[in-house]
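The sequence and the model are shown below.

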Amino acid sequence: MTCENKATSDVRENLPSALRRLTTADEVESTVGLPASAVMLKQISALDEGCRTVLARCPIAAFGYRDADGTSRTTFIGGTPGFVRVHSPTRISFSLPEPGDPHGPVSFFFLLPGVGEILRVNGSVAARKGAETTVDIAEAYVHCAQAVLRSRLWQPPAPAESVAPAASAAEFAGDGPLRRPGVAEFLAAAPFLALSTWDGSGGSDTSPRGDRQEVARILDGRTLVVPDRKGNKRADTLHNLLADDRLSFAALVPGRTGVLHVRGRGAITDDPALLETMALRGMPPHLALLIDVEHAEVTGSDAVARSRLWTLGAHVDRGTVPDLMALAGEHLAAGSAAAEGGPPVFLLKAVGAIPGMARLLRLVMNRAYRSGLRKEGYEDVEPGAGGGRRRGFLRRLPADDGRTGAGTTERPLREVRIAEVRRETPSAVTLVLEDVGKDLEPFDFRPGQFFTLVADIDGRPVRRAYSASSAPGSARLEVTVKHVEGGRFSTHVHRSLRAGDRLAVRGPSGSFHTGSQLPDTPDAPDAADAPDEIVLVAAGSGVTPMMSMIRTRLAVRQGRDRIALLYSSRSADEIIFADELTRLAKDNPDRLTVTHVLSGLDGRLDADGVRRWVTGLSPARHAHYYTCGPGPLMDAVQGVLTGLGVPDERVHQERYTSGADTQAVAATAPQEMTVEEDGRPVGTVVVEPGQTLLDAGLAAGLPMPYSCTVGNCGDCMVRLRGGEVTQNEPNCLTPQQRADGYVLTCVGCPLSKVTLDIADQ
């Protein structure tokens, strides 16, 4: 145990029943002092061009708000640059996917990965529509880099094997929220947090706090202490707590995609014995916050995961954003123009216009940061240049070395626009997709394969896999989507998407195909390699890959084959592609036969019905069979064909599960996941509560295979080498695959420490 940890332990064991509290503004100001006038003049009341540029490049923000019932909450929002929409200099909007319902005053700070300074924005909620929140802005200003520098927020996370064992809940006394799963361990590793407070006159403040080790330290099961070290003396948080002691914060651990959410009540103390436990090189903080914790929980964060905060490639480039210290200087000039007694505006503007002045200001501020932090007891201070990658404290960041958090392996998405939305049945539509822009590239795939569609729904990317229903080789891709009750993606398609809207696609994927493409497509096998006779059995939307097969073969096979389709639908109105199937069968009577079964009239298609139809066809011995639909139908077809002596290698199945959203199965505590490839370790990452194995792996830059992300396609199937995993049901795993130890990472959550082998698929 270090001397510092021993001192903290002694305080825990001998915690006074009533530490001295500061209760007046005079007491706070006598310790902290008053801010310089220039500090207060940096505030502006509307977003200028520099602020708007920062927001356009910023992928993430801390957001503090209160619900209608007054519950304080702090969270991280965003995930991609420009997630905030600027409607005017005084109005912005963004998506808040979580269940929260913000009311009244709210506050933000915006983080640029790799940059020390922070843009802070305060305002109030103007409107809420679904997940979309609109905010009227009251003030904006640049916050200094000290919190980021203290925490080393943008330094590369240490490899898992070099991290010291985290604190355990057994090391402190008392019951309370801090004993919840994973909370103590997270706090022991968290150097940075966003702290939200409110004043008594309708204002909100969310400010950054950073420290070299734990930014918030546990005293007992429900008490935290946060050091308050020297800063710019604004002391907004301290003054707010004197008026309203309710607070909340969200903490980060570099390299992890989880967030610790805490709320409770705060007090200010200058107790010497307590402050001494947080001294650095003999320098204690001047004050500390005592937090009586009412709620603490670690959850996975979509915003943090998507932002790739600790991936070098996500750090902003020099020149793409203004130097924030120069921006603060512009704000100071604007504030001085509106205030009496401030620095002369003409002098500020003249100084700012001198060539190289921004660079000189940066050098001066870096020296000031270094000097101030060393006086507080910090060593190895590497100030930031405020402009991102290749500058300041990012100079020593290594290139991608394959460690956890060092890169990303997400396959590139292809951006497309919707050229047409075509109604097929009352519950099914076809989306006709083409590339965005003038150069329309063909969509090459094998008939029967699927593509993964990605749409932004309520601020989050949602993926679903849909089989192509068109023939390959065209500049337009058609996918047919049937509405599923409770299906998030299919509901979005049917209710919201229109021609001109944009999506992204990934693919093609899947081994369910006839083995032939159009002959002139790249790498296409000769059409003669495909079987001359295919027998197709489908139900509902399972006909979509069959339609691609039928369209392709009728176009290129020149009368050399036979196609038979048995298609089960609920009613005549629900037959997808009804008119086209009728026309194609009429135009190709010697090549295509279509048999419909209407389950509403004829009853559900069962094994006896399949057997009668197949035997009535008298298919050739070399025929191949393709079936797509619900599990019971697939099992019935397989049983019939096995009974008829059809070899397994000539039977092809595409199982699909319901598109309805299911309740995610999640661990209650963070769990460690080790990924191997042929037994060779690839990386280790923490899977947060609420995260899937796939989400955690991708966020850490591990080479995880995947496509649909909803358990339909099987592309993410890996072998579980150790530990226990629970998965959402139903999914596409066969009983044999389960018995052999395979899991789907996209719907799997760890219940213990796990090891996966991504090569053993």
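## Hairpins and sheet

In this predicted model, the hairpin of β5 and β6 has six residues between its strands, and G114 there adopts a positive phi near 95 degrees. The two strands, β5 (residues 103–111) and β6 (residues 118–129), run antiparallel and are joined by six bridges. F108 faces V121 of β6 across this pairing.

β6 also pairs with β7 (residues 132–143), again in the antiparallel sense, over 11 bridges. Here G123 lies opposite I137 in β7. β6 and β7 make a hairpin with two residues between them, and the turn residue G130 has a positive phi of about 65 degrees.

An open sheet is built from seven strands with antiparallel pairing, in the order β9-β8-β12-β13-β14-β11-β10. β9 (204–210) and β10 (217–220) each have a single partner strand, so one side of each is left without a neighbour in the sheet. On average, neighbouring strands of this sheet are turned by 35 degrees against each other, direction ignored. Within the sheet order, β8 sits between β9 and β12. Five bridges connect β8 (residues 192–198) with β12 (residues 246–252), and these strands run antiparallel. A194 has A250 in β12 as its bridge partner.

| Strand pair | Bridges | Sense |
|---|---|---|
| β5 (residues 103–111) and β6 (residues 118–129) | six bridges | antiparallel |
| β6 and β7 (residues 132–143) | 11 bridges | antiparallel |
| β8 (residues 192–198) and β12 (residues 246–252) | five bridges | antiparallel |

Strands in a sheet pair through backbone hydrogen bonds, either parallel or antiparallel.

Technical notes
Residues are numbered from 1 along each chain as its sequence is written. This is a predicted model: local features need pLDDT of at least 70, side-chain atom pairs count only at pLDDT 80 or more; totals for chains, interfaces and linings use all residues. Side-chain values use heavy atoms; hydrogens and water are left out. Two strands pair if DSSP finds at least two bridges between them. Helices (H or I, at least four residues) and strands (E, at least two) are DSSP runs, numbered from the N terminus. Axes are lines fitted to C-alpha atoms, for helices over the stretch in contact, and angles run from 0 to 180 degrees between N-to-C directions.
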